[in-house]
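The sequence and structure come first.

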Amino acid sequence: MDEVNRARVELARLESVEQGLIRKRHLTIHCLPNELLVLIFGFVIARPRSNKPTVIGRYCRRRMACVSRRWKDIILATPTLWNDIYLGSRDDRPTLVSQLKRSQGLLLDITIMEERTDFVIRDLLPYLRPTTYRWRSLYISSFVHAAIHELSKLEFPSLVDLHIKVYHPELVSLVSQDLLPRAPTLKHLTLRRFTAANDFLIASPLKTLELVFHYKIPSSLLSRIPTASLTVLSITGSPHDWLLEPNSINFPLLEKLVLLGRSPYRFLETIVAPKLQYCHLSDAKCLWEHIGLFRKFSRVHYLDLVFYYMPPSAALLDRAPFYQPFPNTRHAKFSDVRDLRFVITSIPFSGNLVESQKPADGWASLERLTIPVNLGNCIEDFDLLLQWLETRQEFGLPKLHVKLTGCSDIWLDPTELYILCSKLRCCCILELECIRLSLGKYYAVAGKEGQLGLDPYLPLSFVDPAFVQRRFFRWKREESESESEDEDE
């Protein structure tokens with residue numbers, strides 16, 4: 001009996017020690033210094049401008065502040081966590097007042113996203129007007145007639161980034177003639193749903209300009225934008241009626257060019273861009289139509305192409321090899337693996353059926369390919385790529401880096417992906433990014449339903465279907481054992 005009592009006393013002592021250790025234990029997140037926590041909180045609060053957020057800003061701050069007193073004190077005492085202001089309704093007034101106070105004079109990033117923005121601006125403008133000297137960026141996505149009229153009367157001495165959706169030529173004139181001159185430090189401008197007015201003019205020395213046209217691009221556009229200062233230019237639309245002289249518009253500093261729409265060759269013929277390094281083109285098949293682009297963009301190293309699955313005709317392929325406008329391409333990205341057939345398939349050379357060439361072989365400096373893997377793709381779609389990579393190896397050319405990228409809403413069969421990756425690894429340096437696996441059949445085996453996204457940075461061997469099977473069979477076995485224990489009880 002004494003031994004039992006001694007054991008009980010010892011057990012009580014050990015339990016007391018255990019509880020003491022648990023109370024002293026701190027989670028890793030609570031051991032982080034304040035500076036690192038502030039960085040983490042900033043990433044949590046930050047949100048993509050392209051999305052209409054639901055749980056952002058004050059909601060994230062409020063939830064994090066409820067975790068512990070330390071977190072609450074850090075959030076309340078850190079101005080950088082309060083300078084990103086979102087306005088969506090009149091009810092945001094108390095939050096706006098609080099953020100303006102807690103941001104303590106820091107530059108502000110203002111976002112207005114609401115269909116009835118006119119009422120938001122009218123009600124909140126008395127609080128916003130005294131702070132416009134602090135505005136660093138302004139993002140408006142809505143019908144903004146009254147908003148633009150009100151804002152065009154104010155001064156923005158610190159505004160660097162402006163993003164507005166405009167739906168009427170009158171507003172375009174208001175932005176270009178009244179609002180932009182009041183923002184002398186503006187460097188980045190985005191106008192979406194854009195219809196250019198006759199008096200449209202951007203005189204500000206911008207670095208970045210993005211224009212998304214509602215329909216066609218006016219032929220006078222290039223004479224109305226700051227071509228001398230731009231380093232990034234993105235234009236979406238179709239220049240149907242352009243009759244400009246070739247090489248008549250100079251972009252001396254342009255490094256990145258994005259042309260989304262039909263017939264980008266009209267723009268490419270018109271411009272001179274000696275520093276251009278990145279080019280993203282849609283309707284890329286039209287490049288075969290114009291020999292005048294021969295070696296014109298020899299400094300472009302990154303080429304992003306969209307073909308719309310429409311192959312160039314044999315006549316066009318015979319007239320001008322595709323690689324000629326961009327002979328020094330190092331990194332080529334395609335919108336779909338099926339677009340690759342336009343550049344890795346042998347075509348007649350100068351009408352000679354005996355001699356042939358693959359357009360991609362003209363890229364002597366090619367190092368990397370990026371290819372998205374879409375839901376409609378199958379292993380056979382990659383056969384031409386595999387053949388071309390094997391041919392390169394036979395000629396002693398260095399292995400290319402090939403990156404397969406996935407999409408957040410596309411789930412791939414793990415068995416097919418594993419087979420494809422096994423083949424590609426033999427003839428290239430393979431990389432996977434953001435690949436999600438569809439595990440429906442494994443769930444069915446395991447008595448489950450649904451899909452599972454795996455870490456996109458898992459080692460390639462983890463895509464092995466045997467690994468997936470083992471994983472789900474283990475879950476099934478554990479469930480069976482748990483059910484058996486419940487029945488025994």
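## Basis and burial

A residue is called buried at under 20% relative accessible area, exposed at over 50% and partly exposed in between (1.4 Å probe, protein chains only). By this rule Cys-279 is buried, because its relative accessibility is 0%.

The model is predicted, so local features need pLDDT of at least 70 and side-chain atom pairs count only at pLDDT 80 or more, while totals for chains, interfaces and linings use all residues. Residues are numbered from 1 along each chain as its sequence is written, and side-chain values use heavy atoms, with hydrogens and water left out.

## Cysteines

The whole structure was searched for disulfides, and zero were found; a disulfide here is a pair of cysteine sulfur atoms within 2.5 Å. Cys-421 is in no disulfide, and the cysteine sulfur nearest to its own belongs to Cys-428, 9.0 Å away. Cys-421 has 1% relative accessibility and therefore counts as buried.

## Aromatic pairs

A pair of aromatic rings is described by the distance of the centres and the angle of the planes. Rings of Phe, Tyr and Trp (its six-membered ring) pair if their centres lie within 6.5 Å; planes under 30 degrees apart are stacked, over 60 edge-to-face, and the rest tilted. The count by this rule is five aromatic pairs. One of them joins Phe-41 and Trp-71 edge-to-face, at 5.1 Å centre to centre and 65° between the planes. Phe-41 belongs to helix α2 and Trp-71 to helix α4 (residues 69-76), so this pair ties together parts 30 residues apart in sequence. Helices are DSSP runs (H or I, at least four residues), as are strands (E, at least two), numbered from the N terminus. Phe-41 and Trp-71 are both buried.

The pair of Tyr-278 and Tyr-302 is stacked, because the ring centres are 4.7 Å apart and the planes are at 20°. Tyr-278 is in strand β11 (residues 278-281) and Tyr-302 in strand β12 (residues 302-305), so parts 24 residues apart in sequence are tied together. Tyr-302 is partly exposed, at 23% relative accessibility.

## Charges over Trp-82

A charge sits over a ring if NZ of Lys or CZ of Arg is within 6 Å of the ring centre and within 35 degrees of the ring normal. Arg-61 lies over the face of Trp-82, 4.6 Å from the ring centre. The charged end of Arg-102 also sits over the Trp-82 ring, 5.3 Å from its centre.

## Partly exposed Val-44

Val-44 is found in helix α2 (residues 34-45). With a relative accessible area of 41%, Val-44 is partly exposed.
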